[in-house]
Amino acid sequence: SLVSSSCLLSCAFSEAVRMCAYYNEDAEIAWQKYHSEWMKEQNQLRKRVVVNDNLKFEMPTNVTIKYNQNSNFGHIEVVSRRRSRMRYTISTQAANDVDDYKQQQTPLKPLRYIGGVDISPAKPTAYEYDKACAGLMIYEYPSMRLVHEECKIVTLTQPYIAGFLAFREVEFLRQLINNVKKKNPAIVPQIILVDGNGILHYRRIGLATHLSLLVNIPCIGVAKRLLAVDGVNPDALVPLYNRRLARIGDFAPIHASNKEHIGYALRTHDRQPVVYVSPGNRVSHRSALTIVILCLDAQHRYKLPLPIEKADFITRKRIRQYETEHSNPHSFDSYQHRKNDQSRQGYQKRQTSSRPTNHQRGYRGRNQTKKASAQNTKQSSS
């Protein structure tokens, strides 16, 4: 067994060395080939970005936002989980100025379907590279009930370059959304939450912004890490946000070096770090913050909004299953997977077995046994 384990470790080490050399060489070639081309494309897409509300549904009004005195920090909370529609009113002066102005605007549809997307990559093995699982979850508002789930194992054909993640992942997310549009258009999400950034990006064109421009649906970026863009210093700001934003719903605006508003730091969990919310396209900063707080779990069990949290959980689960079924049976990772599965199965068998417990056997524990023996000696002496 010692010889087999040493051989297994040596194979895993040689495999890791070969993979590192492959990826280092591939990253250099990709940088030279794609960097300038993708940067030009992002600069062109940036001209179409709209950071204002251009929504086809009514924004819920059951949210209150309060700002602290002499500070940009604030607090947002949900007043009620019930959906309330906005009322359209017009002043008398404006109605008199325009003769053909309608006294009441046609009400928009209420917000009903919210989507969440994520992609979970697989660990590279000896046989397959750049495998991932793309997922789309659609929730019904305001019940926050999952009504549609769609996942797909994909091969990431484009290389990874920092700042250009959208070119690597966005095409697969667009395919999932287009499938819903064709097969079940009644539940197409009216707004989509993306596990990534919106305009909180080097060129204001993160994954959420890129996806919104392609599918023509408003998107919001919710990121777990803060990017160092335009004077934003994560080393100084992240500890400040985690310390100052104490309550769930506390937020702080994030500004670039030119004082441009590019997002929010938002507290969504008691013990987890804050998340970073930024509008993608066709949605304002205030509306993005409102949608994210409405999509949080009512018991605040999760850090991310429910659509993204579910997409992250399902895609990770599916990609682990794929790894177990398609990985190299002689690699170290496969050995660890099999070992973990065996230990998990053994634990489940022990939990479901019909063996009597210590309590059923009459075992009272060490301390109780001592007390019983002491009482017996007292009774015998008396």
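This briefing walks through the salt bridges of this structure and then turns to the model's confidence. The model is predicted, so local features need pLDDT of at least 70 and side-chain atom pairs count only at pLDDT 80 or more, while totals for chains, interfaces and linings use all residues. Residues are numbered from 1 along each chain as its sequence is written, and side-chain values use heavy atoms, with hydrogens and water left out. Side chains of opposite charge can pair when their charged atoms come close. Here there are 11 salt bridges (a side-chain nitrogen of Lys or Arg within 4 Å of a carboxyl oxygen of Asp or Glu).

**Arg168 and Asp130**

- Arg168 and Asp130 form a salt bridge through their side chains, at 3.3 Å from N to O.
- Arg168 sits in helix H3 (residues 165–183) and Asp130 in the loop between strands E5 (113–121) and E6 (131–140), so this pair ties together parts that are 38 residues apart in sequence.
- Those helices (H or I, at least four residues) and strands (E, at least two) are DSSP runs, numbered from the N terminus.
- Arg168 is buried at 13% relative accessible area, and Asp130 is partly exposed at 23% (buried is under 20%, exposed is over 50%, partly exposed is in between, using a 1.4 Å probe and protein chains only).

**Asp230 and Arg204**

- Asp230 and Arg204 also meet in a salt bridge, this one at 2.4 Å from N to O.
- The pair links distant parts of the chain, 26 residues apart: Asp230 is in the loop between strand E9 (219–223) and helix H5 (234–244), and Arg204 is in the loop between strand E8 (191–194) and helix H4 (207–215).
- Asp230 is partly exposed, at 32% relative accessible area, while Arg204 is buried at 5%.

- Arg301 and Asp297 pair up in a salt bridge at 2.8 Å, N to O.
- Arg301 is exposed, with 51% relative accessibility, whereas Asp297 is buried at 6%.
- Salt bridges also join Arg112, Glu140 and Arg145 into a network.

**How confident is the model?**

- The chain's mean pLDDT (the predictor's confidence in each residue, from 0 to 100) is 81, and 70% of its residues reach 70 or more.
- Residues 1–9 have pLDDT below 50, and this stretch makes 5 contacts beyond near neighbours in sequence (a contact means heavy atoms within 4.5 Å).
- Residues 82–104 have pLDDT below 50 too, with 23 contacts beyond near neighbours in sequence.
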